[in-house]
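Subject: Handover of a structure for your review

Dear colleague,

Please find below the structure that I am passing on to you. My notes on it follow directly after.

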Amino acid sequence: GNPELPTAVNITWSSINFKTILQWQPKPSGYLYTVEIHGQTTDTKKKCILAAETECDVTDVLRNVKETYTAHVLSVTSSGTDNFEEPPFAVSEKFTPYSRTVLGKPEIQNYMQKGSKLNVVFQDPLTPYTFPNGSFQSVRDIFQDDLEYKLYYWKDQSSGKKAATTKSHKFEVSVDSTKNYCFYIQGVIPSRSENHVGQESMVLCTSVGRTILDEYGAEVFIIAAVIAIAIITLAIVLSVILCKRKKAKAAREKEPLNGV
């Protein structure tokens, strides 16, 4: 190879819901990069040929998600490679999409707290891969029984969490009908030794039977009660003072005039 061309360093895989990006350093100057994806049982495929960027979307060549791949990042001149000389290259760590891709955020479609039940319906994250009819595959279509979801829920303004697990698209849990609840959902793949929990969905809260006490907390009511007691006490004191003055005035009016 050409020993004068620097090779890539810090090669990393970044993958969410099977959309996979390969990144590396440094920015090229006077040369370009070409990426080769090598599978254990699949043919070598080239991506981002003669690219000046330091990242490459390799999603479409990793369709066999249970295959283990390595990436070769080739440093090449602008004229490309020739038939007699292999360009210098760096090799990434091994990457298996099925065990390494991160589960994205589930999408909560609707939820309802009715009586002592909280019901939550959600949707699987979609992947970039499609069925023959063109519709996108979800992470459930790929992971199947390996995938489950956890619902974490807690009383509004409380820190104590409870959890429930499902392999379907909905949850139904028992709650205190007099309290509001907040919750989020997270995908889980228990069979993984690492990276087995996914990204958390947005946090949502119910608003059934919400009271002023729930809204503002007990402190506001304590302050209001103290103010009310102070006002009542002041009113009583003023009433007593006015009453005493009125009686004293009436008594003075009844006294006989001096010298009469």
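Which residue's side chain meets that of K155 in a salt bridge? The partner is D176, with 3.9 Å from N to O; a salt bridge here is a side-chain nitrogen of Lys or Arg within 4 Å of a carboxyl oxygen of Asp or Glu. K155 belongs to strand β12 (residues 148-155) and D176 to the loop between β14 (170-174) and β15 (181-188), so the pair ties together parts that are 21 residues apart in sequence. K155 is partly exposed at 35% relative accessibility, and D176 is partly exposed at 27%. For these terms, buried means under 20% relative accessible area, exposed over 50%, and partly exposed in between, with a 1.4 Å probe and protein chains only.

The model is predicted: local features need pLDDT of at least 70 and side-chain atom pairs count only at pLDDT 80 or more, while totals for chains, interfaces and linings use all residues. Residues are numbered from 1 along each chain as its sequence is written, and side-chain values use heavy atoms, with hydrogens and water left out.

Overall picture

The chain contains four helices and 17 strands, which are DSSP runs numbered from the N terminus (helices H or I, at least four residues; strands E, at least two). Of its 260 residues, 37% count as buried. The chain exposes about 16,100 Å², and carbon and sulfur atoms supply 55% of that area; accessible areas come from the Shrake-Rupley method with a 1.4 Å probe, and for residues only the protein chains shown count as cover. Among contacts (heavy atoms within 4.5 Å) between residues at least 6 apart in sequence, 60% join residues at least 24 apart.

Nonpolar residues, inside and outside

In soluble globular proteins, nonpolar side chains tend to be buried together. The largest nonpolar core here has 44 residues, and those with the most contacts inside it are L22, W24, I37 and L62. Such a core is a set of buried Ala, Val, Leu, Ile, Met, Phe, Trp, Tyr and Cys residues joined through side-chain atoms within 4.5 Å. At least three of the core's residues come from each of domain 1 (9-100) and domain 2 (107-206), with bounds taken from an automatic or database domain assignment. Beyond its neighbours within four places in sequence, L22 is in contact with residues including W13, V35, C56 and V73.

On the surface, L234, V237, L238 and I241 form a nonpolar patch with about 340 Å² of accessible area together. Patches are made of residues with over 30% relative accessible area and no salt bridge, with like charges joined within 9 Å and nonpolar side chains (Val, Leu, Ile, Met, Phe, Trp, Tyr) within 5 Å. L238 lies in helix α4 (residues 218-254) and is partly exposed at 45% relative accessibility.

Other salt bridges

The whole structure holds six salt bridges. One of them joins E53 and K27 at 3.8 Å, N to O. Because E53 is in the loop between β4 (45-51) and β5 (55-57) and K27 in the loop between β2 (19-25) and β3 (32-39), this pair ties together parts that are 26 residues apart in sequence. E53 is partly exposed at 46%, whereas K27 is exposed at 56%. R100 and E93 also meet, at 3.1 Å from N to O; R100 is partly exposed at 27% and E93 partly exposed at 44%.

Yours sincerely
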